Amino acid sequence: MRLIGGYVRRHIAMVCTALTFLLVETITDLLQPTLMSHVVDDGVTRRDVSSVLHWGMVMLGAAALGAMAAVIRNVYSSRFSQLIGRDIRSDAFAKVMRLPFQSVDRLRTSAIITRITNDVVQIQNFTQGMTRIMLKAPITCIGAIVLIIIQVPRQTAVILVVILVCAALTTASMRAGFPRFMRAQKALDSLGSASREFLVSVRVIKSFGAEDREQRKFDIAAGHFARATVSASRISAVYGPLINLTVNAGIIALLWLSRTQDPGRIGVLMACVNYMTQVLFALGRVSAILNTAVRASASAHRIEEIFDEPDERPTGEGPAQTESKNARHKPSENPVRPRTNAAGTDLLTFSNVTFTHPGASASSLKQLSFHMPGPSTLGIIGPTGSGKTTLITMIPRFYQPQKGTILYRGVPLNSMDLHDLRAHMAIVPQHPVLFTGTVRSNLLWGDPAATDEELWQAIRRASADEFIEHLDHGIDAEIGQGGVNLSGGQQQRLSLARALLRKPELLILDDCTSALDGFTEARVLDNLREMSAESKGMSMIVVSQRISTVRGMDEILVMNAGSLSDSGTHDELMSKSAQYHAIFESQIGPVRA
Ligand SMILES: Nc1ncnc2c1ncn2[C@@H]1O[C@H](COP(=O)(O)OP(=O)(O)OP(=O)(O)O)[C@@H](O)[C@H]1O
């Protein structure tokens, strides 16, 4: 609730306005039964028409004032809850943008989506209810009870019993409700996660004819959510009627006792019944709003978990990049020939880098050391799961190693400004990510100011010209969500062209030519090498499982189970690395003597 309090304070003027009009509305509602008792006892019972007219007009005036206050209060409370929702969503989204990958992995993408959507709705419901009912219900309860006691003081005992029983029931309802609503929200997370996975994999599911199996899995997740929600709703289903029963029993007791103790005061008795009904209604609303509060509190807690995650450090010390005592710039246990550029500083240096993914039992990188001079090209090859992708995600500091040091141009990554660091490089991921829009809008992510000439140059270098020219609107052709209307190879080339537009100092390709045929891939790599030579600055790291992709690189790292098993040029590795040799033979064929 700390979170909600903070956002309420931002719009305190609006809240106060809504609450002021709510107060007016509540007071006018409370006046109605008393005014009616005057109409009955002073007017109707005594057959005094002027009295009926007088009190009738007062009643009407109070009702009109109440209605006007309710309209204004509604307008403010709706606006207030929408603004709160907007602010929380916007701040949560900005926070997610600042989170390190470890936190995103831990929170899970689908859970983050549920928090930014459904959990915020719960908070909106609560804040809206708060400005509509929260103040009204206690004032109505207290006001109605005080007015009953004033009008029929002999019935105070009955009223106190009703209040105590209702208070006990409401407390019990909250205690039982909180953990259940928490469970329901968690089940909703799992359902969201399952839905997302099914939708993303729908093609694979259909191609394997696995619809029934996936349907069953989905039904299980949906079943968990339904059961958790039913269990939570059961609380209000049980406690709501019990509160009703208590108040109605109170009304009957009040009438029964008043028949002898307050005879002849029909109007007053009618007013008391009316007040008891108002109390009942208010309590029902209190328990409804408390349920909303319980949900909102669970939701606020879950959103706070996002806000409580530490930001990705723009620069900083922290444990991740802290150099371990024995892992400084020592030569690695598996030394790779150090090379230096003209200035005498390597572009990239890994020294004994060890990294374990959050929640993983084994390290994905183990005491990894290598140097990369700039400008140069580096290939990384190794079997699946050997840590190639993990290695390159360390360079833009998507993840930070638990041990060891990474230097970029001699500067520890951790002491570089994140924005500056990432501005030096462009990454083309293993699975291309394209956005809904046009070919052009996707490319402009690389350089929003790029001219048509620059766009086409990048397109040609990525060998994407041959298919873009044939699209209906060429560079302005629409791209569906995630690039659904393009083939895998087309998506990869577009994603590469986008990276080239950044004119990076270091281009990192993570197996991003895997969907290209050998001929196209060779042409793309030639173009990139040519570009590197032209710009005399662009270095390139190419991750691949294919010898043909990495063989032309200045240096090749051979990875195995998170460690560097060997390094060197293609020819050097062919003569000294059994693993590289074996990969060569499996892909190209036996080497002729
Ligand atoms: N987010 C993650 N959470 C937990 N473990 C992970 C995560 N990402 C990768 N791993 C683990 O780290 C190890 C290395 O994975 P990585 O993706 O770096 O391998 P790779 O060599 O790039 O494989 P591939 O060639 O198949 O892409 C694997 O054992 C993998 O299970």
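A residue counts as near a molecule or strand here if its C-beta atom, placed from the backbone, lies within 6 Å of it. With that in hand, look at the ligand: of the 14 residues around it, His357, Ser364, Thr384, Thr389 and Thr390 come nearest. Helices here are DSSP runs of H or I with at least four residues, strands are runs of E with at least two, and both are numbered from the N terminus.

Some ground rules before moving on. Residue numbers start from 1 along each chain as its sequence is written. This is a predicted model, where local features need pLDDT of at least 70 and side-chain atom pairs count only at pLDDT 80 or more, while totals for chains, interfaces and linings use all residues.

Now to helix 2, residues 12-44. Its axis and that of helix 3 (residues 49-98) come within 8 Å and cross at roughly 160°; axes are lines fitted to C-alpha atoms, for helices over the stretch in contact, and angles run from 0 to 180 degrees between N-to-C directions. That makes the two helices roughly antiparallel, the word for angles over 145 degrees, while those under 35 are roughly parallel, 65 to 115 roughly perpendicular and the rest oblique. The contact of helix 2 with helix 3 involves 23 nonpolar, nine polar and five charged residues.

Helix 2 also packs with helix 6 (residues 136-151), at about 30° with the axes 10 Å apart. Helix 2 and helix 6 are therefore roughly parallel.

The UniProt record, an unreviewed entry, marks "transmembrane region" at residues 12-32, 52-76, 133-152, 158-178, 237-258 and 264-283; its positions are given in the numbering used here, feature names are shortened, and annotations may be inferred rather than shown by experiment. Residues 52-76 are 100% helix and 0% strand, with end C-alpha atoms 36 Å apart.

Finally, there is an open sheet of four strands in the order 2-1-4-5, paired antiparallel; two strands pair if DSSP finds at least two bridges between them. Strand 2 (365-372) and strand 5 (411-412) are the edges, each pairing on one side only. Two bridges join strand 4 (residues 403-408) to strand 5, and Tyr408 has Val411 in strand 5 as its bridge partner.

Definitions and conventions. Nonpolar A, V, L, I, M, F, W, Y, C, P; charged D, E, K, R; others polar.
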